[in-house]
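Welcome! Take a look at the view below, then read on.

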Amino acid sequence: MKQYLKYLGLLAVALMIPTMVSAQDFSFSEAMSKFFGEMGFTSFFIGEGWKNAVMICIACFLLYLAIKKEYEPLLLLPIAFGMLLSNIPAAGLFHTSMWNDEFLNPDSPFFHSYRHVMAEGGLLDVLYIGVKAGVYPCLIFLGVGAMTDFGPLIANPKSLLLGAAAQLGIFATFLVTQMDVFGFNPAEAASIGIIGGADGPTAIFLTSKLAPHLLGPIAVAAYSYMALVPVIQPPIMRALTTEKERKIRMSQLRTVSKKEKIIFPIIVAIIVSLILPSAATLIGCLMLGNLMKESGVVERLSKAAQNELNNIVVIFLGTTVGATATAEAFLNFRTISILCVGIVAFGVGTAGGVLLAKFMNLFLKEKINPLIGSAGVSAVPMAARVSQTEGAKADPRNFLLMHAMGPNVAGVIGSAVAAGILLSFLG
């Protein structure tokens, strides 16, 4: 460690020499004062600079969770590193001021266009245009669609109801967070409520449209709770079901034909887009990706959407979303409220799916195992695996995974539709 510090000191001196030689009007003491004044370390001890140090520590903790604990590492790692970069004082990688309402409002005297962002912004400002324009979340949905098998949903259409019921957390939270005790306006409440859908790209898409100033904490909350699905859901599932219900065995799903799998994304895209045009962007990309997969005629495009394109967009999306978690946006009472309300939204969504399955069993001859209702949240395929695990604890020979995948993929559609509804009312 001492050797590294010594070499770092020598490098700093070497970098200073050309500056001191070329600046004839500067004395050595002035040059040294200027150099140390511009160092990021100095900013930690000036004004509220300590908040940046706290945010860097939080970013390092999230990196630990992503690397050591493997909590949603594909997105949590770039989000955490983007947070780290944007909180380094004087680095100029991301400027919150460039993305406030006055800056981007054409009717404001302070309006500046994206062209100004390209010219004056930092690296993360430029990449953030893809988030602000809603491009990255849609491309993520394209990749998700190319990786998703809607077969279990087609084989058991009742799963669609369970996926819809799991969106209860979104709308319940939307109503509650508008109470005076929280102080959120309807657009902010909608952005917070979408956390209950456990769908990161949808949460980012809706928040970037309605409440971009809350994007950092909402994204961190959404992906953190998605990673904690195996921790959050089981207690709720066990509390709402009896052991007898957890032991319910479901009959094997029928085989779904290729023709059905091809027609399904086309029909869903048409119907949902006609009913709810504001959801057409997300649903359209999701179904396009799935159609490329199921058609079998564009295998190269399907693989590119699943792999290269998806991976590149995840890097850009994660890093830029993490960059919005600046000290001024993150370290306040509102962020704590978002984190607390977000986990409640997620829990209510889980409970909604389980309770609807129990209600449906009152009228069905072939009973549904209520555990699969919890998979209606959009954490694919983790929520389905949790249903399988809890079912196996009650009956080791009970296989619920494929049954749970039906509500799970229905939850992806449901969260996008919920976002479209909120956007149509508030956008």
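Leucine 274 belongs to helix α18, which spans residues 258–275. Keep in mind while you look around that this is a predicted model.

- A nonpolar patch on the surface is formed by Ile263, Ile266, Ile267, Ile270, Ile271, Leu274 and Ile275.
- Together, the residues of this patch have about 690 Å² of accessible area.

- Valine 256 sits in the loop between α17 (243–246) and α18.
- Is valine 256 buried or exposed? Its relative accessibility is 14%, and because buried means under 20%, valine 256 counts as buried.
- Valine 256 and isoleucine 154 are 102 residues apart along the chain, yet their C-alpha atoms are separated by 7.1 Å.
- Beyond its neighbours within four places in sequence, valine 256 is in contact with Gly151, Ile154, Ala155 and Lys261.

**Histidine 403, in helix α25**
- You will find histidine 403 in helix α25, which covers residues 401–426.
- Histidine 403 counts as buried, because its relative accessibility is 7%.
- A polar atom of the histidine 403 side chain lies 3.3 Å from the backbone oxygen of serine 251.
- Which residues does histidine 403 touch, not counting those up to four places away in sequence? They are Ser159, Met250, Ser251, Leu253 and Ile372.

**Cysteines**
- A search of the whole structure turns up zero disulfides.
- Cysteine 138 is in no disulfide, and the nearest cysteine sulfur, which belongs to cysteine 285, is 4.6 Å away. A disulfide needs the two sulfur atoms within 2.5 Å.
- With 5% relative accessibility, cysteine 138 counts as buried, whereas cysteine 340, at 47%, counts as partly exposed.

**The protein as a whole**
- The protein has 25 helices and zero strands.
- Of its 427 residues, 50% are buried.
- Take the contacts between residues at least 6 apart in sequence: 75% of them join residues at least 24 apart.
- The accessible surface comes to about 20700 Å², and carbon and sulfur atoms account for 68% of that surface.

Conventions. Residues are numbered from 1 along each chain as its sequence is written. This is a predicted model: local features need pLDDT of at least 70, side-chain atom pairs count only at pLDDT 80 or more; totals for chains, interfaces and linings use all residues. Side-chain values use heavy atoms; hydrogens and water are left out. Patches are made of residues with over 30% relative accessible area and no salt bridge: like charges are joined within 9 Å, nonpolar side chains (Val, Leu, Ile, Met, Phe, Trp, Tyr) within 5 Å. Accessible areas come from the Shrake-Rupley method with a 1.4 Å probe; for residues, only the protein chains shown count as cover. A salt bridge is a side-chain nitrogen of Lys or Arg within 4 Å of a carboxyl oxygen of Asp or Glu. Helices (H or I, at least four residues) and strands (E, at least two) are DSSP runs, numbered from the N terminus. Buried means under 20% relative accessible area, exposed over 50%, partly exposed in between (1.4 Å probe, protein chains only). Contact means heavy atoms within 4.5 Å. A polar contact is a pair of N or O atoms within 3.5 Å; within protein, one must be able to donate a hydrogen and the other to accept it, and residues adjacent in sequence count only if both atoms are side-chain atoms.
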